[in-house]
Amino acid sequence: FKTDIDSTTEGSGWCELISDFNILDSMVEDYQKECLAKESYCSLALYSMKRHLFCQSLEEERWILSKTVDWICTAKPGPDSEHKMLLWFHKCLEVIIRQMNFGAPQPPIIRYLTRLIPHLVALAEDKSSAGLLGAIGFGQKSKLSTKFRLICRSLAAFLSDQTTESHIIVQPSQRPLTIFSPPGLPNSCQPNALITTLQSLLSNKAYAGYRENVSTILQFIGNHNNCMLDAPVLLSLLVGVLYVESKSLAIVKRPPLVRKS
């Protein structure tokens with residue numbers, strides 16, 4: 001547990017790692033706790049990939065989604081480990097799309113999204129909003145990179161815009177004129193609020209080098225021909241542009257094989 005998977009692992013290398021990876025059921029809980037504590041996020045991604053191979057039902061796949069969302073909500077990434085969480089984002093989206101394509105009930109997925117979106121928003125914050133100082137705008141400056149926070153903010157906005165109180169938008173024709181978000185989703189995580197925040201980045205000096213990316217993201221979200229099934233496409237586009245040198249993310253950069261069901 002002391003070291004994480006080599007950061008130079010390429011997409012094709014994951015297959016070899018998965019085939020060699022084994023862990024006793026009695027050690028799984030300790031393994032997960034240790035990986036989270038030591039920011040060994042690639043190792044957890046490997047575990048989820050291996051476990052997913054043996055899923056035989058949609059219910060078992062939802063367990064993968066549940067655990068991955070738990071990791072995202074629990075992890076305290078630093079600058080050297082933040083990019084590894086993108087593997088978790090990829091796995092979450094992969095499972096969600098499979099659930100939709102195979103006709104799984106949507107309420108459980110909506111509950112996972114309702115939990116995931118606020119944590120993506122929290123990861124995207126320029127300053128911490130925790131505590132008294134955070135509540136009045138004097139929180140500690142984020143130690144996470146601008147590009148990682150941009151991806152978190154973009155995913156949160158897109159996922160929120162595709163999730164209503166009663167269903168997930170999996171076909172453009174299903175899109176209502178007004179999006180009523182699921183109960184429990186904070187106002188700061190509503191589609192309009194998140195999109196407005198993204199728009200404000202166009203004039204934010206801290207994001208000056210990412211204005212073209214922000215414009216592309218806004219166009220993607222604003223294109224109502226896109227739906228929840230296109231979420232992996234958005235992640236692939238962003239990681240491909242913002243993490244060009246990261247070979248371990250090749251599996252995320254790879255365009256999804258199936259766009260729509």
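**Pro 176 and its loop**

I began with Pro 176, which counts as partly exposed at 28% relative accessibility. My cut-offs, taken with a 1.4 Å probe on protein chains only, are under 20% relative accessible area for buried, over 50% for exposed, and partly exposed in between. Pro 176 sits in the loop between H8 and helix H9 (191-200). I looked up its contacts (heavy atoms within 4.5 Å). Not counting residues up to four places away in sequence, Pro 176 touches Thr 164 and Ile 169.

**Ground rules**

I noted that this is a predicted model, where local features need pLDDT of at least 70 and side-chain atom pairs count only at pLDDT 80 or more, while totals for chains, interfaces and linings use all residues. Residues are numbered from 1 along each chain as its sequence is written, and side-chain values use heavy atoms, with hydrogens and water left out.

**Whole chain**

I counted 12 helices and 0 strands in the protein chain. Helices here are DSSP runs of H or I with at least four residues, strands are runs of E with at least two, and numbering starts at the N terminus. Of the 261 residues in the protein chain, 51% count as buried. I also checked contacts with a separation of 6 or more: residues 24 or more positions apart account for 70% of them.

**H8 against H11**

How do H8 and H11 pack, and at what angle? I found helix H8 (residues 146-161) and helix H11 (residues 231-242) at an angle of about 165°, their axes 11 Å apart. Axes are lines fitted to C-alpha atoms, for helices over the stretch in contact, and angles run from 0 to 180 degrees between N-to-C directions. H8 and H11 are therefore roughly antiparallel to each other. The angle classes are roughly parallel under 35 degrees, roughly antiparallel over 145, roughly perpendicular from 65 to 115, and oblique for the rest.

On the H8 side I listed Lys 147, Leu 150, Ile 151, Ser 154, Leu 155, Phe 158 and Leu 159; they meet Ala 231, Leu 234, Leu 235, Leu 238, Val 239 and Leu 242 in H11. By class, the residues of this H8 and H11 contact are 11 nonpolar, 1 polar and 1 charged. Nonpolar covers Ala, Val, Leu, Ile, Met, Phe, Trp, Tyr, Cys and Pro, charged covers Asp, Glu, Lys and Arg, and the others, Gly among them, are polar.

**H3, H4 and His 52**

H3 and helix H4 (residues 58-74) pack at about 170°, with axes 10 Å apart. That makes H3 roughly antiparallel to H4. Leu 44, Tyr 47, Ser 48, Arg 51 and His 52 of H3 make the contact with Glu 61, Trp 63, Ile 64 and Trp 71 of H4. I sorted the residues of this H3 and H4 contact into 5 nonpolar, 2 polar and 2 charged.

I stopped at His 52, which lies in helix H3 (residues 41-53). His 52 is buried, with a relative accessible area of 10%. Leaving aside neighbours within four places in sequence, I found His 52 in contact with Glu 61, Ile 64, Lys 91, Glu 94, Val 95 and Arg 98.

**Aromatics**

I paired rings of Phe, Tyr and Trp (its six-membered ring) when their centres lie within 6.5 Å; planes under 30 degrees apart are stacked, over 60 edge-to-face, and the rest tilted. The count comes to 7 aromatic pairs. The rings of Phe 21 and Tyr 31 have centres 5.8 Å apart and planes at 55°, so this pair is tilted. Phe 21 is in the loop between helix H1 (11-20) and helix H2 (28-37), and Tyr 31 is in helix H2, 10 residues apart. Both Phe 21 and Tyr 31 are buried. One aromatic cluster is formed by Phe 21, Tyr 31, Tyr 41, Tyr 47, Trp 71 and Trp 88.

Most residues other than glycine have a negative phi. Glu 39 is in the loop between H2 and H3 and is partly exposed, with a relative accessible area of 26%.

Gly 78 is in the loop between H4 and helix H5 (85-101). At 6% relative accessibility, Gly 78 counts as buried. Leaving aside neighbours within four places in sequence, Gly 78 is in contact with Glu 39, Lys 143 and Leu 144.
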